[in-house]
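The dialogue takes one feature at a time.

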Amino acid sequence: MFSHRLFVWYKSKSFFFPLVFISEGQYVAVSTSEDCIHLIDALAGERKKKIKMKDIGVGVMKYTHHDQCLLVSAKQSSTDVRYLSLHDNKYLRTFQGHQGLVSSISVCPLDDNFLTASVDNTVLRWDLSTRNEVARIKLPPSVGTPLVNYDSSGLVFGVLTPTLVNGQIQNHSIRLFDSRRLDGGPFQVISPSPQSYSSILDERFPELDHESKQRTLHSNWTSFQFSSDGNSILINTDGEYVWILDGFRPDVPPKVVGPRKNDNGAPLAACMSTDCKQILLANAENEIQLFDAESREMMTTLSGHLSNVGCIACNPRYDMFVSGCVNTALWIPKV
């Protein structure tokens with residue numbers, strides 16, 4: 001189990017947004033609504049640097065393979081992505097190609113390629129060495145705001161695509177692409193039927209009342225994450241439950257994890273541990289609930305945050321994780 005490690009900004013009035021680890025695990029970068037980026041040494045529990053981003057703001061943020069370089073979407077010019085050097089606080093390159101808000105960034109674990117998704121219904125692939133896009137995927141016009149993620153192999157990536165009907169989200173799907181061949185469209189679309197979600201809820205939680213069940217069935221998918229072994233996909237929602245989909249086959253029934261208190265649809269964080277053994281869910285009581293990934297039974301609850309936890313990131317190499325709201329907390333296992 002985890003215990004709280006002292007590294008907290010209790011005086012901050014700004015909510016923390018992305019928490020992103022470098023692949024080596026030593027550093028984590030966090031951004032705030034005050035348009036600042038903080039570089040933290042996660043092993044020492046020390047803030048190493050604070051960088052003000054008032055010129056463009058901070059939208060989406062991802063680490064590259066260099067511990068002093070980030071990809072940051074510009075909030076003030078929302079179609080841009082900047083290649084930022086934390087060492088000297090300079091932009092090494094600007095990537096322009098989207099016509100709408102950049103909603104998601106994912107860096108390939110194998111090389112210097114990265115993906116961006118946008119509300120303009122495109123997914124673009126880039127190489128850090130050039131400012132021009134390498135490839136472009138055009139999504140159907142009925143798709144709402146897309147999100148993109150590579151899996152751990154770097155050979156597959158997924159695009160979360162909500163389908164809109166008359167401006168309302170009707171269903172969600174994960175489109176899987178072969179990163180080596182983008183011209184043929186997705187090789188798999190994972191989109192379980194509403195009946196399968198309903199049946200799973202009835203089987204797992206027969207005591208669930210009609211109102212809660214309907215709220216769960218109509219909750220929006222807010223993010224997704226491939227497990228480190230690639231076998232499953234964690235779907236976070238704005239509801240009381242999250243879903244685990246099979247990472248390959250659309251015919252495998254989803255699994256449900258929860259509940260967590262979230263009656264009002266707050267944007268709460270969810271994360272799968274690096275070893276795939278735990279599911280971490282934030283709830284509306286400023287807590288983090290840990291569930292066993294196999295049994296999906298709750299193991300423990302962690303307290304210490306001052307408001308709703310909007311982001312959780314597990315260290316890719318070390319047994320620890322970081323969570324943030326108006327304060328940031330580092331968590332390590334109890335000795």
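Q: Where is Asn 149 found, and is Asn 149 buried or exposed?
A: Asn 149 is found in strand E14 (residues 147-150); helices (H or I, at least four residues) and strands (E, at least two) are DSSP runs, numbered from the N terminus. Buried means under 20% relative accessible area, exposed over 50%, and partly exposed in between, with a 1.4 Å probe and protein chains only. At 17% relative accessibility, Asn 149 counts as buried. This is a predicted model, in which local features need pLDDT of at least 70 and side-chain atom pairs count only at pLDDT 80 or more, while totals for chains, interfaces and linings use all residues. Residues are numbered from 1 along each chain as its sequence is written, and side-chain values use heavy atoms, with hydrogens and water left out.

Q: Which residues does Asn 149 touch?
A: Contact means heavy atoms within 4.5 Å. Not counting residues up to four places away in sequence, Asn 149 touches Ser 106, Phe 157, Gly 158, Phe 224, Gln 225 and Phe 226. A polar atom of the Asn 149 side chain lies 2.7 Å from the backbone oxygen of Phe 224.

Q: Which residues of the largest nonpolar core touch the most other members?
A: In soluble globular proteins, nonpolar side chains tend to be buried together. A nonpolar core is a set of buried Ala, Val, Leu, Ile, Met, Phe, Trp, Tyr and Cys residues joined through side-chain atoms within 4.5 Å. The largest here has 19 residues, and those touching the most other members are Ile 174, Trp 221, Phe 224, Ile 233, Ile 235, Trp 243 and Leu 245. At least two residues of this core come from each of strand E15 (156-165), strand E16 (168-178), H1, E18, strand E19 (232-237) and E20. A second, separate core of 17 residues includes Val 20, Met 53, Val 58 and Tyr 63.

Q: Which residues of helix H1 are buried, and what covers them?
A: In helix H1 (residues 194-204), the buried residues are Tyr 197, Ser 198, Ile 200 and Leu 201. They lie on the same side of H1 because they cover an arc of only 160° around the axis, the arc being that of the directions from the helix axis to the C-beta atoms. Gln 195 and Glu 203 are exposed on the other side of H1. The cover over the buried residues of H1 includes helix H2 (210-217), strand E18 (221-226), strand E20 (242-246) and strand E21 (255-257).

Q: How is Ser 323 placed, buried or exposed?
A: Ser 323, in strand E27 (residues 321-324), is buried, with a relative accessible area of 0%. A polar contact is a pair of N or O atoms within 3.5 Å; within protein, one must be able to donate a hydrogen and the other to accept it, and residues adjacent in sequence count only if both atoms are side-chain atoms.

Q: What does the secondary structure of the protein come to, and how compact is the protein?
A: The protein has 2 helices and 28 strands. Its radius of gyration is 19 Å, close to the 20 Å that the globule rule gives for 335 residues, so the protein is as compact as a globular protein of that length. This radius is taken over C-alpha atoms, and the rule is 2.2 Å times the number of residues to the power 0.38. Buried residues make up 54% of the 335 residues.
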